[in-house]
Amino acid sequence: MPYDLVWEPEGVHKRFSGFLTARQFIQSVEQTQRDSRFDEIHYIINDLSEITGHELSEQVLTHLAAINYGAYASNPNCRIVYVTTEEDLVGRLKANLVSGEMTSFQVEVLPTVTDARDWLDSQPKLHNLSNVMGFRLG
């Protein structure tokens with residue numbers, strides 16, 4: 001498998017390697033979001049630093065934004081970080097997931113896992129109510 005999910009006390013660290021297909025990436029998202037621990041986590045680190053290539057096109061990232069938009073209702077207290085230095089991918093991630101029309105989770109793109117963890121540590125905890133049962137305030 002081209003990725004590993006490492007569940008941590010407050011989140012999940014997904015490590016990708018080799019050539020990453022669109023289907024494999026979406027599968028990793030679905031696997032994370034359908035896990036019973038997803039509703040309680042505070043972060044997801046998508047470590048793309050070891051991939052050799054990918055199929056993460058604008059279309060795939062738009063699809064991902066839609067998936068995340070739905071999952072946000074279940075856990076509005078999660079932040080997502082993508083770790084990559086590939087300039088084209090950084091631009092696509094920011095355009096589709098940080099400032100796109102279907103933004104949901106707070107998303108950041110950083111060059112290293114250390115930077116990702118430092119950024120997450122610097123953020124205040126979110127205490128939003130889930131909207132799954134229609135109870136979100138605001």
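## Largest pocket

Glu10, His42, Tyr43, Arg79, Arg117, Leu120, Asp121, Gln123, Pro124, Lys125 and Leu126 line the largest pocket of this predicted model. A pocket here is an open set of points on a 1 Å grid over the protein atoms alone, with protein on both sides within 12 Å along at least five of seven lines; lining residues have an atom within 4 Å of a point. The volume of the largest pocket is about 180 Å³, a volume being the space filled by probe spheres set on the points, which are joined across faces, edges and corners.

Its lining consists of 4 nonpolar, 2 polar and 5 charged residues. Nonpolar means Ala, Val, Leu, Ile, Met, Phe, Trp, Tyr, Cys and Pro, charged means Asp, Glu, Lys and Arg, and the others, Gly among them, are polar. Helix H4 (residues 113-122) contributes the most, with 3 residues; helices (H or I, at least four residues) and strands (E, at least two) are DSSP runs numbered from the N terminus.

## Cavities

There are 2 cavities of 30 Å³ or more, a cavity being a set of points where a 1.4 Å probe fits but cannot get out. The largest cavity, of about 60 Å³, is lined by Lys14, Val29, Gln33, Ile44, Asn46, Leu64, Asn68, Ile80 and Tyr82. Helix H1 (22-34), strand E3 (43-54), helix H2 (58-72) and strand E4 (79-83) each give two or more residues to this lining, which divides into 5 nonpolar, 3 polar and 1 charged.

The second largest cavity has a volume of about 40 Å³. Ala65, Asn68, Leu97, Met102, Thr103, Ser104, Phe105 and Val107 line the second largest cavity, with 5 nonpolar, 3 polar and no charged residues.

## Basis

Residues are numbered from 1 along each chain as its sequence is written, and side-chain values use heavy atoms, leaving out hydrogens and water. In this predicted model, local features need pLDDT of at least 70 and side-chain atom pairs count only at pLDDT 80 or more, while totals for chains, interfaces and linings use all residues.
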